[in-house]
Amino acid sequence: MNLTLKVWRQKNSQSEGYFETHQLTGISPDMSFLEMFDVLNEKLVEENKEPVAFDHDCREGICGMCSMYINGRPHGPLEGVTTCQLHMRSFSDGDTIVVEPWRATAFPVIKDLVVERSSFDRIIAAGGFVSVNTGNAQDANNIPIPKDDADDAFAAAACIGCGACVAACKNASAMLFVSAKVSQLALLPQGQAERTIRAEKMVAQMDEEGFGSCTNTGACSAECPKEISLENIARLNREYLGAKLSSKSV
Amino acid sequence: MAGSSRLDAKIPSGPLEKKWSQYRSTVPLVNPANKRRIEIIVIGTGLAGASAAASLAEMGYKVKAFCFQDSPRRAHSIAAQGGINAAKNYQNDGDSVYRLFYDTIKGGDYRAREANVHRLAEVSGNIIDQCVAQGVPFAREYGGLLSNRSFGGTQVQRTFYAAGQTGQQLLLGAYSALERQIGMGTITMYNRHEMMEVVIIDGKCRGIIARNLITGELERHFGHAVLIASGGYGNVFYLSTNAMGSNVTAAWKAHKKGAFFGNPCFTQIHPTCIPVSGDHQSKLTLMSESLRNDGRIWVPKKKDDNRAPGDIPEDERDYYLERRYPAFGNLVPRDIASRAAKERCDAGYGVGTSKLAVYLDYAAAIDRYGHAEANKNNVHNPSKEDIVKWGKAVVKEKYGNLFDMYKQITGEDPYEVPMRIYPAVHYTMGGLWVDYNLMTTVPGLYALGEANFSDHGANRLGASALMQGLADGYFVIPYTIGAYLSNEIRTPAIPTTHEAFVEAEKSVADRINTLLNVKGSTSPEMFHRRLGKIMWDKCGMARNRQGLESAIQEIRALRREFWNDVRVMGEAKEFNPELDKASRVADFLELGELMCIDALNREESCGGHFREEHQTEEGEALRDDEHFTFVSAWEYIKESDWGLHKEELVYENIKIAQRSYK
């Protein structure tokens with residue numbers, strides 16, 4: 001396959017970015033999208049030019065490190081697939097592909113296609129946990145959990161924290177990310193003790209990080225590579241409202 | 001063969017089943033006021049690192065945690081699929097601490113330390129309790145209790161799981177505990193940081209030099225103790241199931257500063273991975289071992305059979321694992337399943353375009369589950385379509401994400417045609433040598449999880465890596481570190497202006513400058529590929545003297561070429577992934593040589609280490625217990641020069657036997 005690639009280049013967070021165009025030839029349809037980037041970078045090094053920086057690690061769709069808008073869509077054209085699992089057979093010979101970093105105030109660009117996502121970590125640090133020190137646990141089978149609840153909690157917990165929901169949202173809202181963690185723990189008996197304070201603290205931190213508001217458009221869930229459901233946002237709204245009604249702390 | 005005087009494993013005395021409980025009750029403690037003044041550095045935030053950092057911070061120590069990724073949640077433990085073992089015996093099928101201990105020692109082909117493995121089995125149940133309490137959503141039965149499945153090398157169901165994403169869920173549990181402590185201010189987190197050097201003062205490890213990967217600045221960090229939990233070194237093979245960034249650098253720097261390296265040649269080749277599709281391949285993807293629970297592995301009985309799998313009738317298929325190993329069938333341990341696949345492909349029975357693949361077939365499982373669902377739904381004459389539909393639904397629930405991943409990568413639908421699989425490098429049993437306290441040969445420097453060599457001998461059983469990582473972090477190091485730190489309470493924080501820090505930083509800066517100034521013509525990536533090919537061809541699934549001797553020469557030549565011809569773009573003081581990569585490849589180029597030397601030295605076959613000169617008539621691994629029942633611990637002397645120390649393995653509780661899964 002022969003392709004035209006328009007890639008965002010930006011030296012660092014202070015400098016201005018621009019699109020750079022590259023022609024690629026002989027791309028195999030069996031390559032992954034990131035392997036196509038490997039080919040580009042190898043070519044750039046041969047030409048004594050600086051390779052394109054992009055985030056990636058596991059390359060099997062689970063670590064959440066890869067990002068990129070591909071033709072304007074987070075993680076590219078397929079549903080339920082991360083950039084690293086996207087393969088070139090999803091494109092056609094002669095295509096022009098435009099690649100950009102996530103665009104959100106809370107995700108500043110570090111270089112080229114690499115952004116800073118520590119804001120997600122700080123939201124988890126604010127309350128996305130059960131406070132149980134090592135050694136405090138009772139036997140794992142002491143509390144039966146209905147299979148449906150466990151399955152729903154698991155579906156929410158499948159979030160990989162990549163930030164595609166934020167990238168997809170016109171307001172750069174992090175509601176899907178926050179609601180996935182709040183839901184997982186609200187659905188499980190272990191999460192009950194801190195249920196209200198968790199919703200309040202995580203939402204407060206989300207606001208502080210500069211994420212936008214949710215207007216229930218649903219682009220987040222539509223573009224989520226793990227297909228995290230919008231129901232989680234509904235649940236977060238309930239949790240948050242309930243927490244605020246009974247709040248003593250905030 | 002006596003153990004070296006410098007290798008005291010510090011195994012407590014007493015009967016095996018009491019060693020840990022007695023030791024735990026007598027190991028010196030550090031009082032809460034002193035803990036607040038003691039600083040601990042943790043490198044890596046996978047299962048071992050995150051659980052250790054969180055647990056130590058909960059106890060009151062001041063912790064600094066480092067990871068090279070953009071978030072601690074990305075560590076490669078996240079990609080573990082199938083499950084985690086624990087001797088809970090919830091299935092009432094005869095499991096016990098002893099049986100888990102026995103299976104692990106046997107699975108490791110009698111090359112692991114009894115006391116460590118027994119401790120691992122003892123704490124395995126606590127791990128499940130801890131994770132459930134954190135909100136880890138393990139798979140459950142309709143009654144609300146935890147579900148289990150089987151894994152290779154065992155005949156009980158002791159594996160806990162969360163679909164095919166067990167590693168992800170366990171890591172997110174440990175990560176949430178870590179983030180909680182970060183929020184409380186007891187852990188300072190340094191993400192996008194790479195450990196570049198350890199700092200030794202008066203013979204003790206006292207800190208590290210780290211590189212901020214965003215700015216390129218070098219930083220000095222003091223710690224009363226340093227814990228290396230940076231994972232394994234499978235990426236020395238270039239193509240492996242490891243993440244792209246997984247590297248040996250932290251462990252290798254520790255090794256070069258005096259920490260012995262244990263059994264470097266013990267690498268695990270996982271039998272069920274998606275085969276290589278072309279020269280562009282950057283990594284390989286695992287298909288969980290749990291798939292061997294229900295899938296059947298076969299090749300055609302006829303050589304070079306080019307028919308589609310569906311056109312090959314049942315009696316013309318060779319279910320070679322079931323044929324050769326009737327007792328364990330498709331659930332033999334990984335080393336055995338991998339070699340059997342290689343044997344069939346080498347003999348000309350491989351499938352697919354490359355002929356380097358075998359089939360993993362789900363048709364029988366779909367049929368069996370379909371019938372079971374029909375019975376559950378009280379349908380007594382189900383149509384074939386209904387059976388297939390129900391069967392596929394059950395398989396989807398158990399393995400859905402794995403099937404999706406296979407389809408995404410290969411473009412084929414595994415619900416309709418058998419998967420093609422082939423072995424790939426997956427895990428390294430070798431690692432930094434540690435004593436019972438998990439301390440390396442450098443006082444104050446510890447190694448946890450895959451980074452150490454300790455519990456899996458020559459072959460790791462499936463679902464045991466998650467268990468070991470979390471055991472080390474949650475339930476071992478919090479106790480054993482007291483033995484060292486109780487003597488450090490009078491040591492004040494050493495200022496990082498100390499000359500040892502200055503020198504260490506300078507050596508790192510010099511090396512970076514050297515890398516950038518070679519200004520050759522070949523990218524680090526190309527050197528990595530070439531190293532990987534040497535390692536896979538000559539130090540991979542099968543090894544022999546001639547190949548290993550030539551590999552050592554080739555690696556030395558490649559290393560010289562690297563330092564004369566590498567081209568590293570960009571600058572030192574900026575975000576520069578090319579420089580990060582070059583620095584890691586330089587370390588792999590040294591490690592590869594040691595692995596070949598170790599493989600050459602071990603004149604026997606055991607577990608994942610298969611020397612072609614040492615096999616039974618049936619082609620099974622032939623151990624030499626008289627001469628090789630020891631851990632090889634290598635001391636770095638200078639470039640291409642290592643000294644061998646031997647830790648003799650004493651089996652007081654298990655009778656060593658030839659491993660049989662027939």
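In chain B, four strands form an open sheet in the order β16-β10-β18-β19, with antiparallel pairing. Strands are DSSP runs of E with at least two residues, helices are runs of H or I with at least four, and both are numbered from the N terminus. Two strands count as paired if DSSP finds at least two bridges between them. The edges of the sheet are β16 (431–432) and β19 (641–648) of chain B; each has a single partner strand, so one side of each is left without a neighbour in the sheet. Strand β10 (residues 261–262) of chain B pairs with strand β18 (residues 630–638) of chain B over two bridges, in the antiparallel sense. Within this pairing, F261(B) has W634(B) in β18(B) as its bridge partner.

The model is predicted: local features need pLDDT of at least 70, side-chain atom pairs count only at pLDDT 80 or more, and totals for chains, interfaces and linings use all residues. Residues are numbered from 1 along each chain as its sequence is written, while chains are lettered from A and ligands numbered from 1 in the order in which they are written.

Helix α1 (residues 16–26) of chain B has two faces. K19(B), W20(B) and Y23(B) are buried, that is, 20 or more other C-beta atoms lie within 10 Å of their own, whereas exposed residues have 12 or fewer and partly exposed residues fall in between, with C-beta atoms placed from the backbone. They cover an arc of only 80° around the axis, which puts them on the same side of α1(B). The arc is taken from the directions from the helix axis to the C-beta atoms. K18(B), S25(B) and T26(B) are exposed on the other side of α1(B). The buried residues of α1(B) pack against α5 (114–134) of chain B.

The largest nonpolar core holds 295 residues. Such a core is a set of buried Ala, Val, Leu, Ile, Met, Phe, Trp, Tyr and Cys residues joined through C-beta atoms within 7 Å. Those with the most contacts inside the core are V42(B), A53(B), L227(B), I228(B), L432(B) and Y446(B). Helix α18 (residues 577–601) of chain B gives the core its largest share, twelve residues.

Chain A contains eight helices and seven strands. Its C-alpha atoms fill a box of roughly 60 × 40 × 35 Å along the principal axes. Of the 250 residues in chain A, 54% are buried. An open sheet of five strands in chain A has the order β2-β1-β5-β3-β4, with mixed pairing. Strands β2 (18–24) and β4 (73–74) of chain A lie at the edges with a single partner strand each, so one side of each is left without a neighbour in the sheet. Strands β3 (residues 69–70) and β5 (residues 96–100) of chain A run antiparallel and are joined by two bridges. Y69(A) stands opposite E100(A) in β5(A).

An automatic or database assignment divides chain A into domain 1 (3–111) and domain 2 (117–245). Domain 1 of chain A gives 18 residues to the contact and domain 2 of chain A gives 17 residues.

Between the chains, the contact takes 65 residues from chain A and 63 residues from chain B. On the chain A side, α2(A) gives the largest share, six residues.

Conventions:
Contact = placed C-beta atoms within 7 Å.
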